[in-house]
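Below is a set of questions on how the labels given to a structure follow from its geometry. Each answer sets a value beside the rule that decides it.

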Amino acid sequence: MQSDVLQLDSASLFRDDQLIFSDISFELKSGDHLIIKGNNGSGKTSLIRTLCGLTQLTEGCVLWNHAPIDTISSDYYNHLAYLAHTNGLIPELTLLENLTYSLHKTDLDKDHSVLEGFQLKHSIQSPVATLSNGQSRKAALSFIIMSGKSLWVFDEPYANLDSQSIDYLNQRIAAHLSNNGMVITSTNREEVIPTTNLEITMS
Amino acid sequence: MNLKQIYKYGSPPNYFKLSLKAENWFVIPGILLIIVGCLGGLFIAPPDYQMGDAFRIIYFHVPSAYLSMSAYAYMAGAALVGIVWRSNVAFSVAKSIAPFGASLTFLAIVTGMLWGKPMWGTAWVWDARLTSQFILLLLYLGYILLHLSIREQRKADLAASILALTGVINLPIIHYSVIWWNTLHQASTISKLSSPSITGDMLWPLLVMIFGYGFFFWGVICRIAASEILKREKRSKWAKEYIKELE
Amino acid sequence: MNIYQQLFLRDLKVSIKRWSDLLTGIIMFALVAFIFPLIAGSDQDFMHRIIGPVILLSSLLASLISMQNIFKPDLNNGSLEQLVLSTHSLSGLVFIKILSYWISSSLPLVVVSSLIASAYYVTGIDIAKVMLTVLLATTTLVNINSLAAALTLGVRYPGALMTLILFPLSLPILIFGSKAIEYSILGMDISGPFYFLTGMMLLSFSLGPIATAFAIRISID
């Protein structure tokens with residue numbers, strides 16, 4: 001099976017004169033799970049945004065299959081699904097409408113078992129604005145899981161989740177990894193993350 | 001000069017040193033030309049038979065107006081270079097031109113009004129050129145304000161550069177719209193600020209002033225852009241060495 | 001259904017759900033046009049002379065009021081970032097966004113302008129010409145608005161800045177638009193201003209989304 005690789009090469013980020021992070025490198029292959037740990041404000045989100053190509057690095061570059069992501073963004077985004085702090089869901093539309101009109105649709109209509117796993121099946125006709133924080137978060141997570149993309153990038157996915165949902169999320173992550181997927185997670189809740197071989201601690 | 005040499009001069013430390021050296025080559029001729037132009041325009045040129053001595057304000061008005069418009073074009077050009085080559089030097093030049101260009105525009109408007117008052121009794125006239133100058137001032141102010149409003153300097157550079165490019169594309173459109181509108185509304189009066197054919201004695205001080213303004217402008221921009229670059233690159237080695245040398 | 005159709009339908013659906021935002025612009029448009037005769041006099045000749053400028057100015061003010069709704073809500077709920085991360089060209093997606101925004105915010109203005117025109121003693125085919133002017137002028141205005149909104153996405157209180165950016169860039173549209181309406185009422189040949197408005201519409205819809213997409217990438221950085 002094809003193996004993809006995501007590399008970060010001596011990356012630093014300065015915003016004006018403030019150092020956000022410096023000299024970070026890693027290599028992520030298919031089946032790998034990268035955990036980014038750190039306290040609030042340590043630069044986890046900035047690092048993740050540079051990996052998604054949303055923020056420009058001051059030094060260093062992000063390489064997907066040995067090509068800089070600036071040059072192959074369309075191909076890279078074909079493989080990337082990103083969960084930010086905000087959910088990316090439109091609050092005025094219902095969950096089902098968000099699903100139907102989702103711009104990242106690949107397998108989304110086929111398998112709603114993920115929604116069941118997160119206990120959202122019965123809320124599918126409710127406007128997202130009426131869901132609780134936890135439910136919206138779970139909905140956003142389901143969209144990523146159902147998207148069929150190979151690289152999942154989560155920014156603090158465990159926020160607002162109950163323990164049952166945390167277990168389910170970890171299950172799905174494990175399934176994805178064994179299916180040759182790649183996952184990047186940032187979190188400040190150390191106790192809930194699964195064990196992994198790749199870790200970065202931000203300071 | 002081949003491409004490699006241009007890239008070399010485009011790097012911050014080289015540009016910095018070059019512009020500090022070049023500054024005097026621009027400012028001193030500029031001041032001299034302005035002095036000569038003032039003497040020629042204010043004293044040597046004969047008084048206009050229609051307007052008397054009041055016409056002499058054009059020696060300040062026309063260079064300001066002309067330079068204000070070309071400065072915007074230079075600013076947009078620097079903005080384009082900055083975007084395409086991600087050049088801090090180009091962005092510094094563009095940022096430095098803006099307040100200077102805005103001041104020139106303001107000067108052009110004020111001198112235009114000073115010209116109008118003795119000639120036609122009213123300070124402001126809805127003439128195509130004065131109105132265009134006012135619009136140009138708004139374009140400059142928009143650029144400056146956008147720069148100030150965005151906290152992160154790199155983002156501010158890029159956003160303001162887009163504004164400058166949009167402005168420069170629209171500038172001819174705006175200018176000709178205003179002229180067209182003006183010809184419809186001012187059909188009864190002759191275009192007020194158009195200068196009738198101007199004689200040699202009156203013309204040469206005007207040309208001297210235009211060149212003088214231009215030289216002085218570029219000299220000042222050299223210095224302002226240089227200090228801007230120093231500010232931006234203060235973390236880099238060459239900047240720290242330069243500052244150490246000063247102490 | 002391809003991604004552009006999807007985005008278009010989604011945005012239309014959303015703007016219908018956010019109908020109160022749309023209404024603000026329409027109300028602004030109608031009220032400004034309504035206020036003029038109330039405070040400036042209502043004899044027919046005078047109203048025929050001011051209807052051009054009034055309609056264009058009302059369009060400008062209405063667009064100013066609702067400008068933030070183009071991108072700010074999407075930035076806040078995270079869908080703008082997801083748009084940037086799409087495999088499709090951001091300029092194309094932004095084009096669709098601007099188009100759907102134009103349909104939801106400006107087409108109602110075209111309808112309302114017909115009512116205003118008849119209130120201003122305009123009759124017959126001239127009302128259609130007024131509506132056409134508003135149709136064409138708003139296409140360019142909406143693109144300028146999008147660019148200004150995208151540039152100021154990161155600014156906290158962008159009101160004055162947006163006005164300052166908007167005004168010089170929209171001046172040609174205001175000039176030619178009000179001339180178009182004036183000529184319609186006087187029965188003169190309107191092709192000059194209309195060609196200009198159409199040309200500006202084509203220029204702004206071709207360059208606008210590209211510039212706006214670039215501005216969005218910068219603001220999101």
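Q: What makes strand E1 (residues 5-15) of chain A and E2(A) a pair?
A: In this predicted model, E1(A) and E2(A) are joined over 8 bridges in the antiparallel sense. Two strands pair if at least two bridges are found between them, so E1(A) and E2(A), with 8 bridges, count as paired. One residue opposite another in this pairing is A:Leu6, which faces A:Leu28 in E2(A). The hairpin of the two strands has 2 residues between them, and A:Asp16 takes a positive phi near 55 degrees there.

Q: How do you know that E1(A) and E4(A) pair, and in which sense?
A: E1(A) and E4(A) share 5 bridges and run antiparallel. The rule asks for at least two bridges, so E1(A) and E4(A) qualify as a pair. Here A:Ser12 stands opposite A:Glu59 in E4(A).

Q: What makes E4 and E5 of chain A a pair, given 2 bridges?
A: Strand E4 (residues 59-64) of chain A is joined to E5(A) by 2 bridges, antiparallel. The cut-off is at least two bridges, so this pair is counted. A:Trp64 has A:Ala67 in E5(A) as its bridge partner.

Q: Why are E2 and E5 of chain A called edge strands?
A: The open sheet of 4 strands in chain A has the order E2-E1-E4-E5 and antiparallel pairing. Strand E2 (18-29) and strand E5 (67-68) each pair on one side only, and are the edge strands.

Q: What is the strand order of the open sheet of 5 strands in chain A, and which strands are its edges?
A: The order is E6-E7-E8-E3-E9, with parallel pairing. E6 and strand E9 (198-201) of chain A each pair on one side only, and these are the edge strands. On average, neighbouring strands of this sheet are turned by 10 degrees against each other, direction ignored.

Q: How do you know that E6(A) and E7(A) pair?
A: E6(A) and strand E7 (residues 151-155) of chain A are linked over 4 bridges in the parallel sense. At least two bridges are required, so the two strands pair. A:Leu80 stands opposite A:Leu151 in E7(A).

Q: Which strands does helix H6 of chain A lie across?
A: Helix H6 (residues 163-178) of chain A lies across strand E3 (33-37), E7 and strand E8 (182-187) of chain A, and runs at about 145 degrees to E8(A).

Q: Why does A:Val192 count as partly exposed?
A: A:Val192 has 14 C-beta neighbours inside 10 Å. A residue is buried with 20 or more and exposed with 12 or fewer; 14 falls in between, so A:Val192 is partly exposed. A:Val192 sits in the loop between E8 and E9 of chain A. Leaving aside neighbours within four places in sequence, A:Val192 is in contact with A:Tyr158 and A:Ile166.

Q: Which residues of chain A and chain C make up their contact, by number and class?
A: 22 residues of chain A are in contact with 21 residues of chain C. Helix H2 (73-79) and strand E6 (80-83) of chain A each supply at least two residues of the chain A side. H2(A) gives the largest share, 3 residues. By class, the chain A side has 12 nonpolar, 8 polar and 2 charged residues.

Q: What makes the crossing of H6 and H7 in chain C, by distance, angle and hand?
A: The axes of helix H6 (residues 90-119) and helix H7 (residues 125-151) of chain C come within 9 Å and cross at roughly 150 degrees. The crossing of H6(C) and H7(C) is right-handed. Among the residues that meet are C:Ile98 and C:Tyr101 in H6(C), and C:Ile127 and C:Val130 in H7(C). The contact divides into 12 nonpolar, 8 polar and no charged residues.

Q: Which residues touch the most other members of the largest nonpolar core?
A: Of its 140 residues, these are B:Met75, B:Ala159 and C:Ala215. Helix H8 (residues 159-186) of chain C supplies the largest share of this core, 14 residues. Not counting residues up to four places away in sequence, C:Ala215 touches B:Ala159, B:Ile162, C:Leu147, C:Ala150 and C:Leu151.

Q: How many helices and strands does chain B have?
A: Chain B has 8 helices and 0 strands. Buried residues make up 43% of its 247 residues.

Technical notes: Residues are numbered from 1 along each chain as its sequence is written. Chains are lettered from A and ligands numbered from 1 in the order in which they are written. This is a predicted model: local features need pLDDT of at least 70, side-chain atom pairs count only at pLDDT 80 or more; totals for chains, interfaces and linings use all residues. Two residues are in contact if their C-beta atoms, placed from the backbone, lie within 7 Å. Ala, Val, Leu, Ile, Met, Phe, Trp, Tyr, Cys and Pro count as nonpolar, Asp, Glu, Lys and Arg as charged, and the others, Gly among them, as polar. A nonpolar core is a set of buried Ala, Val, Leu, Ile, Met, Phe, Trp, Tyr and Cys residues joined through C-beta atoms within 7 Å. Axes are lines fitted to C-alpha atoms, for helices over the stretch in contact, and angles run from 0 to 180 degrees between N-to-C directions. A crossing is left-handed if the near helix is turned anticlockwise from the far one by less than a right angle, and right-handed if clockwise.
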